Amino acid sequence: MRNVRQVVAAQNADGRLELFCLTSYNGIYHSWQSSPGGRWSGFVALSTGARQMAVERNADGRLELFYIGTDTRLYHDWQHTPGGTWNGKTDARGYAQQLAIARNADGRLELLYVGTNSGIYRDFQSSPGSLWNGSAPFPGSARQIALAQNADGRLEMFYVGMDMAIYHDWQKWPGGDWNGPAAFGGSARLIAPGRNADGRLELIYIGTDNAIYRNWQRSPGGAWNGSAAHGGHATQIATALNADGRLEVFFIGADSAICHDWQTTPGGVWSGPVPLGGTASQIEVARNADGRLEVFHIGTDSMIYHNRQLSPGGAWKGTTAFTSGLADHPSLNEIRGDHAGERRA
């Protein structure tokens, strides 16, 4: 598929990966594995008028997609049943320029986003998979936000402030009130959190000098070590956890080449960055049902490519074009529910 500018991926309840892509024409399409780790379907039109996406899985297994419209309004769409058909474009009642979504310990999805005024806002489900509470201002202002879950279930938010400094905020208890923003240390262009096998969060980030840095908890949910140089320079970064618990970092270098780095043991020292193959403008990482990581990326030619491990935590197959084409499906303006509707019950 050509003219793509963002890809995001998630795993369905039955283990099948699903890929969502946003084109330069602002249309959202999706493709999915026919079986866990298997062949991919053709791309199917899902919605129109979008500029950025994020996806998460509900407690009952249904994927839910949030996206910012070309009108800066926030919209969402969700599967009627796990792995099933989609409801249609629905107004999420907010205005945004960047968003992050995660699942609370009790199964309720929580959405944090940067508004058009650079303020941070929050919305959350009243109960798992149910009505949304409604957007409300959240302390702080940001350029970018990201979410991760601590070992005890408490969500932690990291964000790059308007001054480029990194801040964080965390729930006082799982699913509960938030502590309030605190300086984290370091300054960044882009942040990407991950969680070690022992539960310690680790933040990998691109500094204002484009070098890669990291900071990690000394114990699960505990104090942070402090920023340290990681090695390499990057324009975009993503993290994933291997099946054996080793964190792996994927990044796009200054020359647009894709590189990766991995822990040699779970929570241990890092190998050092090496080329993975291919050039990209954006990358996304997901894990197959059998534990094999799969990297999707938008090439410098605006086409989608992917690469996957041959075995969980093992060697990589090599970069290939993502060959699923547009299937014979209705055009975008014929998609059921392609209008701003009411929020679901």
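Buried here means under 20% relative accessible area, with exposed over 50% and partly exposed in between. By that cut-off Cys259 is buried, because its relative accessible area is 14%. Please keep in mind that this is a predicted model.

**Cysteines**

- The structure holds 0 disulfides.
- Cys21 has a relative accessibility of 0%, so this cysteine counts as buried.
- Cys259 falls in the buried class too, at 14%.

**Salt bridges**

- The count of salt bridges comes to 10, and three of them are described here: Glu110 with Arg122, Arg246 with Asp244, and Asp290 with Arg292.
- As background, side chains of opposite charge can pair when their charged atoms come close.
- In the bridge between Glu110 and Arg122, the closest N and O atoms are 2.4 Å apart. Glu110 belongs to strand β10 (residues 109–114) and Arg122 to strand β11 (residues 119–124), so this pair ties together parts that are 12 residues apart in sequence.
- Glu110 is buried, with a relative accessibility of 0%, and Arg122 is buried as well, at 18%.
- Arg246 and Asp244 meet through their side chains at 2.8 Å, N to O. Arg246 is buried, at 9% relative accessible area, whereas Asp244 is partly exposed, at 44%.
- Asp290 and Arg292 form a salt bridge whose closest N and O atoms lie 2.7 Å apart.

**An open sheet of four strands**

- Strands β13, β14, β15 and β16 make an open sheet of 4 strands in the order β13-β14-β15-β16, and their pairing is antiparallel.
- The edges are β13 (144–149) and β16 (182–187), each of which pairs on one side only.
- From one strand to the next, the twist averages 25°.
- Between β13 and β14 (residues 155–160), the antiparallel pairing runs over 6 bridges. Within this pair, Gln144 stands opposite Val160 of β14.
- In general, the strands of a sheet pair through backbone hydrogen bonds, either parallel or antiparallel.

- Asn307 sits in strand β27 (residues 304–308) and is buried, with a relative accessible area of 2%.
- The side chain of Asn307 reaches the backbone nitrogen of Gly318 at 2.8 Å.
- Leaving aside residues up to four places away in sequence, Asn307 touches Leu276, Leu293, Glu294, Val295, Trp316, Lys317, Gly318 and Thr319.
- Gln282 is placed in strand β25 (residues 282–287), and its relative accessible area of 13% makes it buried.
- A polar atom of the Gln282 side chain lies 2.7 Å from the backbone nitrogen of Val7.
- With residues up to four places away in sequence again left out, the contacts of Gln282 include Arg5, Gln6 and Val7, along with Gln236, Ile252, Phe296, His297 and Ile298.

**Asparagines with positive phi**

- Asn3 is not a glycine, yet its phi is positive, at about 60°. This residue is found in the segment before β1 (4–11) and is partly exposed, with a relative accessible area of 32%.
- Asn210 likewise has a positive phi, near 70°, in a residue other than glycine. Its place is the loop between β18 (201–206) and β19 (211–216), and at 34% relative accessibility Asn210 counts as partly exposed.

Notes
Residues are numbered from 1 along each chain as its sequence is written. This is a predicted model: local features need pLDDT of at least 70, side-chain atom pairs count only at pLDDT 80 or more; totals for chains, interfaces and linings use all residues. Side-chain values use heavy atoms; hydrogens and water are left out. Helices (H or I, at least four residues) and strands (E, at least two) are DSSP runs, numbered from the N terminus. Buried means under 20% relative accessible area, exposed over 50%, partly exposed in between (1.4 Å probe, protein chains only). A polar contact is a pair of N or O atoms within 3.5 Å; within protein, one must be able to donate a hydrogen and the other to accept it, and residues adjacent in sequence count only if both atoms are side-chain atoms. Contact means heavy atoms within 4.5 Å. A disulfide is a pair of cysteine sulfur atoms within 2.5 Å. A salt bridge is a side-chain nitrogen of Lys or Arg within 4 Å of a carboxyl oxygen of Asp or Glu. Two strands pair if DSSP finds at least two bridges between them. Axes are lines fitted to C-alpha atoms, for helices over the stretch in contact, and angles run from 0 to 180 degrees between N-to-C directions.
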